[in-house]
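User: I am new to this structure. Please take me through it in short questions and answers.

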Amino acid sequence: METFLFFVAAGLALAGALGVVLNRNPVHSALSLVLTLLTIAVLFLLQGAELVAAVQVIVYASAIVVLFLFVIMLLGVDKEESLGEPFHFQRPAAVALGVIALAEIVFLAGHEWATGAHATRGGLNAGTGGNVERVARSLFTDFVWAFEITAVLLVLAVVGAVVLARRSHLSPDDIENGEPGDSEAEVVHP
Amino acid sequence: MTVTGSYYLTFAAVLFSIGAVGLLLRRNVLVMFMCVELMLNAVNVTFVTFSKMLDDISGQTIVFFVLVVAAAEVAVGLAIIVAIFRRRHGSATADDIDLLKG
């Protein structure tokens, strides 16, 4: 059963990933991304990572994709993209580089093996409680400093997003001519 | 036939490569962003797989930090895209952002 679920989920995830890359319409790409993210949550469940699977569905497949779709609809860019090449050989070069990277990773994964110490930070089945409790214990003891730092990171991201998305009083012509407008807009002058 | 950890690792490698190729192929900045998300997810799968193979819970904890970084990246990145679109009036390709071209 696990084998069957793995191959179905992995196949769907790869199909969704190809859909993200190959769809010309950004909305279809975003919907393919949902497929990939949900099937990756299934793969997390198969490996016994219940909390990570739940967070994957809540944060990735819901919040982030909704944000993507929101921006697509806000900007009205749901028209199809012309797939003309700006440089010669861009497409073959990209595919060749991807194949080389894949071969390299698979070669390394097949020939070298993970030789770390086992369970240095607490095993998957050590102690009491379920997966959620163990992840929480790890997060709030071993990684509590990193956890606090993420708060700073999120605040910085929110402030940065607000500053970037603020409507500037400059028109594009002002910027290209190098004439800043009023002093308030000068803050965001590139 | 049992699914071992190397199946998951190979799957993650393929997913990462698809994301990387998409990042190089596509010129719509939004789709390039989605390809970055694909690559981050492939790394998450790798973390969870190693967490199971090495019997260590911290692999699953690291996934949360990857998630936080991804969320912050999406917030700032989409704000940059919105700012670009305002200036460029509807052009969606990365080739149009060439102010720094020498």
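This is a predicted model: local features need pLDDT of at least 70, side-chain atom pairs count only at pLDDT 80 or more; totals for chains, interfaces and linings use all residues.

User: How much area do chain B and chain A bury between them?
Analyst: The size of an interface is often given as the accessible area lost when the parts come together. Here the contact takes 72 residues from chain B and 90 residues from chain A. Carbon and sulfur atoms carry 75% of the buried area. The total that the two chains bury is about 7100 Å².

User: How do helix α1 of chain A and helix α1 of chain B run relative to each other, roughly parallel or roughly antiparallel?
Analyst: The helices span residues 2–22 in chain A and residues 5–25 in chain B. Their axes come within 9 Å and cross at roughly 5 degrees. Angles under 35 degrees count as roughly parallel. So α1(A) and α1(B) are roughly parallel.

User: How many nonpolar residues are in the contact of α1(A) with α1(B)?
Analyst: From α1(A), the contact includes A:F6, A:F7, A:L14 and A:L18. From α1(B), B:Y7, B:F11, B:L15 and B:I18 are among them. One residue of the contact is polar and one is charged. The nonpolar residues number 15.

User: Is B:L15 buried or exposed?
Analyst: B:L15 lies in helix α1 of chain B. Leaving aside neighbours within four places in sequence, B:L15 touches residues including A:L14, A:I40 and B:L38. Its relative accessibility is 0%, and under 20% means buried. B:L15 therefore counts as buried.

User: How far apart in space are B:L15 and B:M39?
Analyst: In sequence they are 24 residues apart. C-alpha to C-alpha, the distance is 6.9 Å.

User: How far apart are the axes of helix α2 of chain A and helix α2 of chain B?
Analyst: These helices cover residues 26–46 in chain A and residues 29–53 in chain B. They pack at about 5 degrees, and are therefore roughly parallel. The axes are 11 Å apart.

User: How many charged residues are in the contact of α2(A) with α2(B)?
Analyst: A:L33, A:L37 and A:F44 are among the residues of α2(A) that meet α2(B). On the α2(B) side, the residues include B:M34, B:V45 and B:K52. The contact has 12 nonpolar and four polar residues. The charged count is one.

User: Which residue's side chain does the side chain of A:N131 join in a polar contact of 2.9 Å?
Analyst: A:N131 lies in helix α5 of chain A, residues 131–141. It is buried, with a relative accessible area of 10%. Its contacts beyond four places in sequence include A:G48, A:E50 and B:I57. The polar partner at 2.9 Å is B:Q60.

User: What is the phi of B:D55?
Analyst: B:D55 sits in the loop between α2 and α3 of chain B. At 29% relative accessibility, it counts as partly exposed. B:D55 is not a glycine, yet its phi is positive. The value is about 55 degrees.

User: What separates the C-alpha atoms of A:A96 and A:V57?
Analyst: A:A96 lies in helix α4 of chain A, residues 90–111. It is partly exposed, with a relative accessible area of 36%. A:A96 and A:V57 are 39 residues apart along the chain. Their C-alpha atoms are separated by 33 Å.

Conventions: Residues are numbered from 1 along each chain as its sequence is written. Chains are lettered from A and ligands numbered from 1 in the order in which they are written. Side-chain values use heavy atoms; hydrogens and water are left out. Axes are lines fitted to C-alpha atoms, for helices over the stretch in contact, and angles run from 0 to 180 degrees between N-to-C directions. Helices (H or I, at least four residues) and strands (E, at least two) are DSSP runs, numbered from the N terminus. Angles under 35 degrees count as roughly parallel, over 145 as roughly antiparallel, 65 to 115 as roughly perpendicular and the rest as oblique. Contact means heavy atoms within 4.5 Å. Ala, Val, Leu, Ile, Met, Phe, Trp, Tyr, Cys and Pro count as nonpolar, Asp, Glu, Lys and Arg as charged, and the others, Gly among them, as polar. Buried means under 20% relative accessible area, exposed over 50%, partly exposed in between (1.4 Å probe, protein chains only). A polar contact is a pair of N or O atoms within 3.5 Å; within protein, one must be able to donate a hydrogen and the other to accept it, and residues adjacent in sequence count only if both atoms are side-chain atoms. Buried area is the accessible area (1.4 Å probe) that two parts lose on being put together, summed over both.
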